[in-house]
Amino acid sequence: MNNFEKRLFLDYLYVLINEFDLKNYSFGEVFDFFCDEFRVSKKEFKIDEYGELLLDNVVLRNEFKRTLKTIIKQLQERIPKKNTILEHQLLLLKDIFKLDEDEYGVFTYCVIQEVNNIFKELFESINRDPFAKFAQVYLKIRYNRRRRITESLYLKNLTDSTRGSDININPEILTIFDNPKCKTSNQIINILLGKSEKSNLTLNDYKHIENERIKVVNILKSAVEQKKKGVNILLYGHVGTGKTEFAKLIANTAKIPMYAVKTEKENFKEADREYRLVDLYSKQDILSRADKSCILFDEAEDVMNRGFSCFGSASKGYLNKILEETPVPVIWTTNNIYDVDPAFLRRMSYAIEFEKLSDSVRLHIWNRVLKKNKFKVKKSKIEELNKAYDISPSIISNAVQMTKLTSGDEKDFEGYIENITKVVYKKKNIKNTKTFDVKNYNISLVNSDLDVDDLEKKIKSCGKLNFSICMYGEPGTGKSEYSKYLADKLGIEVIQKRASDLISKWVGETEQNIASAFKEAKDKKAMLIFDEADSFLQNRANAQHSWEVSQVNEMLTWMESHEYPFICTTNLLDTLDEASLRRFTFKIKFDFMNNEQVNLAIKHFFNISNANLNIKGLTTGDFATVKKKADFLNITDLAELSKMLQAEVKLKQSKELKNAVGF
């Protein structure tokens, strides 16, 4: 026991003597320690023939207390007043967190029983709730004030609870007291804050948002220089678009140290929502007295998507305090803002959306990651991979590491990319390999209620691209293929999305995917095609959940303002929302082939002239299926091909075919 601990022990013992149960076993342990540590003879106290204290009546107990107090007073005068390392560290923490005397007294109570077990015995000798009695008698703090102090220490991350006698010191704080070399404020602050964040990227990696970067750097610099409170910057958007690295880069560019709110506790335990908010508050408190600094709150969906609270349920007041009173700028990153409380968004100082990266930006990332990892891939192969896989830099980097580990080649490299990408995006078909060959397309095989060949010519002649088309009809009638044909004739790129690409089980993510698809089409000035549109344009009158309505609303909003061709295909026109149907420039029904088209298709797919078949209910999709099957079986006979086509028709459930001859 050092001199500081001795002084505290004697001081506590002297003031609390009237609160002890002198016959309690724990007090007996404390008394024995007292006599041994301070070399006090028990003969100075009333001792019976068995060496036990005579404390059976009030007079003897009072006499014992008077004797003990007298001896304590004598001992206190002999102990040097020089500070020990422990006391020095406590005083440093008091200064760092600007603790008042009551807060310091409670904090010392919590620390001392952690570093020396005899204090725990001492406090347990007082009462069933030793902290309450200690605070009342020794510190003279009333209940309400005591509660505010424990909450304050918790918010500063000095303790890990606020519940009475269960108050424990944060394990991270204990590491300070376990290290006798930790003697300065800077050393302690470095432990509490961790290392400042450094970006692995450069300004060239964010040329596509250069203007936004310049703005946010200026905001950050000005906020720090003027010590402006309540500055919050939101970075949101798709996974893998570099939000976290961007946050670090702008702080590095502005030459402002950035410290991240923790995502894990000690011993690699996951940090829950409350822990992360407390860590944020603690860092705000420490950094409020720094010359310049900012905070990174990565993966903010951990807290903001469920409302804000210090303890318990969501509290708008606590949200306001976090945002409006932050003494240092906070940069928040999240992948999803659709289920965020609007109160949070209103209090953002500035926000940047990170959209899906363009082909050229992604190609730059591929080259940078491969160069950094010293892995050579042919230029043509990199361009092929870039078009085939829309993935984040981390997947590329991991694939490089595995390829090098196994001494693999380019083929192995692509295999590793595809393997992990399937898991990340939860899809079996990841690679974008399908291309539309206009040379093999025959528009004469389209049976629609509008002359689509004439439509293409008129759209080209008017020179406008802000049109939309709803193509509906039976499966396989060529809706998607005509869309690609039209795009080719107009000389624009195609962005095709299926329902599986857009619909997510997470609240708000479907809306985000819809918005991103429209933005991608706008950036590329491309034709946007939504297949299976009935999956996300269902009639709102039949909606059972709020998110079903919000998905349709998101789509309608974009349809009204989109400047480039937008096409929806569906097999179920009757299920579409009426408002969405009104917004389409054209509505075109695609039907089964007529008899003339069936025989044209025989010539187109099998090079058989004058077939003279009469089969109702066929589509170009049926011919493509039969063609593939016939190639495998080496069938060229018209009669056999006719049977195969009729078999395809028999599988259909169309009402239109129920009364067809031979069906």
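I started with the second largest cavity, which holds about 30 Å³ of space. This is a predicted model, so I keep in mind that the lining lists here use all residues.

Which residues line this second largest cavity? I noted Leu445, Val446, Asn447, Thr477, Asp591, Met593, Thr619 and Thr620. Sorted by class, that lining gives three nonpolar residues, four polar ones and one charged.

Next I looked up the largest cavity, and its space comes to about 40 Å³. Its lining is made by Asn157, Glu172, Leu192, Asp279, Ser282, Lys283 and Ile286. Which helix gives the largest share of that lining? It's helix H13, residues 273–287, with four residues. By class I wrote down three charged, two polar and two nonpolar residues for the largest cavity.

How many cavities of 30 Å³ or more did I end up with? The count is two.

Then I moved on to the sheet. Five strands make it up, and I read their order as S7-S8-S9-S6-S10. The sheet is open and its pairing is parallel. At the edges I found strand S7 (494–497) and strand S10 (586–590), each pairing on one side only. On average, neighbouring strands of this sheet are turned by 20 degrees against each other, with direction ignored.

Last, I zoomed in on one pair. Strand S8 (residues 527–530) runs parallel to strand S9 (residues 566–570), and three bridges join them. Across this pair, I saw that Ile529 stands opposite Ile567 in S9.

Conventions
Residues are numbered from 1 along each chain as its sequence is written. This is a predicted model: local features need pLDDT of at least 70, side-chain atom pairs count only at pLDDT 80 or more; totals for chains, interfaces and linings use all residues. Side-chain values use heavy atoms; hydrogens and water are left out. On a 1 Å grid over the protein atoms alone, a cavity is a set of points where a 1.4 Å probe fits but cannot get out, and a pocket is an open set with protein on both sides within 12 Å along at least five of seven lines; lining residues have an atom within 4 Å of a point. Grid points are joined across faces, edges and corners, and a volume is the space filled by probe spheres set on the points. Helices (H or I, at least four residues) and strands (E, at least two) are DSSP runs, numbered from the N terminus. Ala, Val, Leu, Ile, Met, Phe, Trp, Tyr, Cys and Pro count as nonpolar, Asp, Glu, Lys and Arg as charged, and the others, Gly among them, as polar. Two strands pair if DSSP finds at least two bridges between them. Axes are lines fitted to C-alpha atoms, for helices over the stretch in contact, and angles run from 0 to 180 degrees between N-to-C directions.
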